[in-house]
Amino acid sequence: MKKVIIIGAGTAGLAAGIRLKTLGFNVDIYEKNEKVGGRMYQIEEQGFKFDVGPTIIMMKKEEFKREY
Ligand SMILES: Cc1cc2nc3c(=O)[nH]c(=O)nc-3n(C[C@H](O)[C@H](O)[C@H](O)COP(=O)(O)OP(=O)(O)OC[C@H]3O[C@@H](n4cnc5c(N)ncnc54)[C@H](O)[C@@H]3O)c2cc1C
């Protein structure tokens with residue numbers, strides 16, 4: 001099985017990893033931060049959640065329908 005190494009677990013790295021894995025590649029993803037997602041992340045403070053990245057494209061289908 002061919003091996004692929006992806007540097008960075010942002011949207012691009014995760015999406016590429018999923019697709020390559022589906023195609024049968026052995027995929028390793030390396031991320032320098034503690035969490036995956038890259039610029040797509042959330043801050044939680046005092047019970048409130050703040051989306052600080054690509055909210056529109058990443059939100060759940062039901063939420064998108066409700067908001068737009
Ligand atoms: C406020 C905001 C709103 C946005 N809204 C939208 C929107 O509505 N719709 C939309 O389509 N886009 C939106 N975007 C843009 C979208 O967030 C980015 O285009 C997308 O997240 C980029 O993904 P990426 O995987 O290319 O890069 P990144 O998310 O930057 O991920 C790169 C990853 O690589 C890691 N990395 C870097 N160097 C190394 C290394 N040497 N070793 C290991 N790991 C490494 C980083 O830590 C990071 O996790 C928005 C962005 C912001 C900031």
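A quick definition to start: a residue counts as near a molecule if one of its heavy atoms lies within 4 Å of it. Keep in mind that this is a predicted model.

Ligand first. How many residues surround the ligand? There are 16, and the closest are T11, A12, E31, N33 and R39. By class, that shell holds 7 nonpolar, 6 polar and 3 charged residues. Two helices each supply at least two residues of the shell: α1, spanning 11-22, and α2, spanning 55-58.

R39 uses its backbone, with a polar atom 2.8 Å from an oxygen atom of the ligand. K32 also uses its backbone, where an N or O atom lies 3.2 Å from a ligand nitrogen. What share of the ligand's accessible area does the protein cover? On its own, the ligand has 1,000 Å², and the protein covers 55% of that.

Next, the largest pocket. Its space comes to about 340 Å³. The lining has 14 residues, and Q42, D51, T55, M59 and E63 are the closest to the pocket centre. The lining divides into 6 nonpolar, 3 polar and 5 charged residues.

Which helix gives the most to that lining? It's α3, with 3 residues. That helix runs 61-67, and both α2 and α3 supply at least two lining residues each.

Key:
Residues numbered from 1 in each chain as written. Predicted model: local features only at pLDDT ≥ 70, side-chain atom pairs only at ≥ 80, totals over all residues. Heavy atoms only, no water. Polar contact = N/O pair within 3.5 Å; in protein donor to acceptor, adjacent residues only side chain to side chain. Areas by Shrake-Rupley, 256 points an atom, 1.4 Å probe, with all protein chains shown as cover. Helix = DSSP H or I, 4+ residues; strand = E, 2+ residues; numbered from the N terminus. Nonpolar A, V, L, I, M, F, W, Y, C, P; charged D, E, K, R; others polar. 1 Å grid on protein atoms, 1.4 Å probe; cavity = no way out; pocket = protein on both sides within 12 Å on 5 of 7 lines; lining within 4 Å. Points joined across faces, edges and corners; volume = space filled by probe spheres on them.
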